[in-house]
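This report describes selected features of one protein structure. Please consult the sequence and the 3D view while reading.

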Amino acid sequence: MPKNKGKGGKNRKRGKNEADDEKRELVFKEDGQEYAQVLRMLGNGRCEAMCIDGTKRLCHIRGKMHKKVWIAAGDIILVGLRDYQDDKADVILKYMPDEARLLKAYGELPENTRLNEGIIDDEEDGGGDDYIEFEDEDIDKI
């Protein structure tokens, strides 16, 4: 039977949590970087994102974030652009919902960007009635 020479196994790795819940400094984009909104997750550490400049790019989630920061569709991310491939980018940072609201308030994100803090129905016609009402006489004819 081999001796365990490590400091622990899977459970030790699972329990380690980088304290990202505390407030961190808001990171703005630099040259060679762009804000983007995730359209869909593709698997294998990749996602499809619509950048603020209007280009749809295939983004690769870097290894530092791969299993530690969970990215979902609708999230605002900071991507590093590649000079040799314009249709691909690398995810540098995921913004928390409050940070995304701050970016929008500072004018970094355009006003038409929808921030997904949940699914919100924007029905102006007051259509919260998703049920169908049947009359009794229709059931009797069957």
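Gln-37 is found in strand S1, strands being DSSP runs of E with at least two residues, and helices runs of H or I with at least four, numbered from the N terminus. The model is predicted: local features need pLDDT of at least 70 and side-chain atom pairs pLDDT 80 or more, while totals for chains, interfaces and linings use all residues. Residues are numbered from 1 along each chain as its sequence is written, and side-chain values use heavy atoms, without hydrogens and water.

With a relative accessible area of 18%, Gln-37 is buried (buried means under 20%, exposed over 50%, partly exposed in between, with a 1.4 Å probe and protein chains only). The side chain of Gln-37 reaches the backbone oxygen of Arg-114 at 2.6 Å, and a polar atom of this side chain lies 3.2 Å from the backbone oxygen of Gly-74. The C-alpha atoms of Gln-37 and Leu-78 are separated by 8.7 Å, although these residues are 41 residues apart along the chain.

## Cysteines

How many disulfides are there? The count comes to 0 disulfides, a disulfide being a pair of cysteine sulfur atoms within 2.5 Å. The closest cysteine sulfur to that of Cys-47 belongs to Cys-59 and is 4.6 Å away, too far for a bond. Cys-51 is likewise in no disulfide, and the nearest cysteine sulfur, that of Cys-59, is 5.7 Å away.

Cys-47 is buried at 0% relative accessibility, and Cys-51 is buried at 3%.

## Phe-28

Phe-28 is located in the loop between helix H1 (10-15) and strand S1 (33-43). Phe-28 is partly exposed, with a relative accessible area of 34%.

Note on methods
A polar contact is a pair of N or O atoms within 3.5 Å; within protein, one must be able to donate a hydrogen and the other to accept it, and residues adjacent in sequence count only if both atoms are side-chain atoms.
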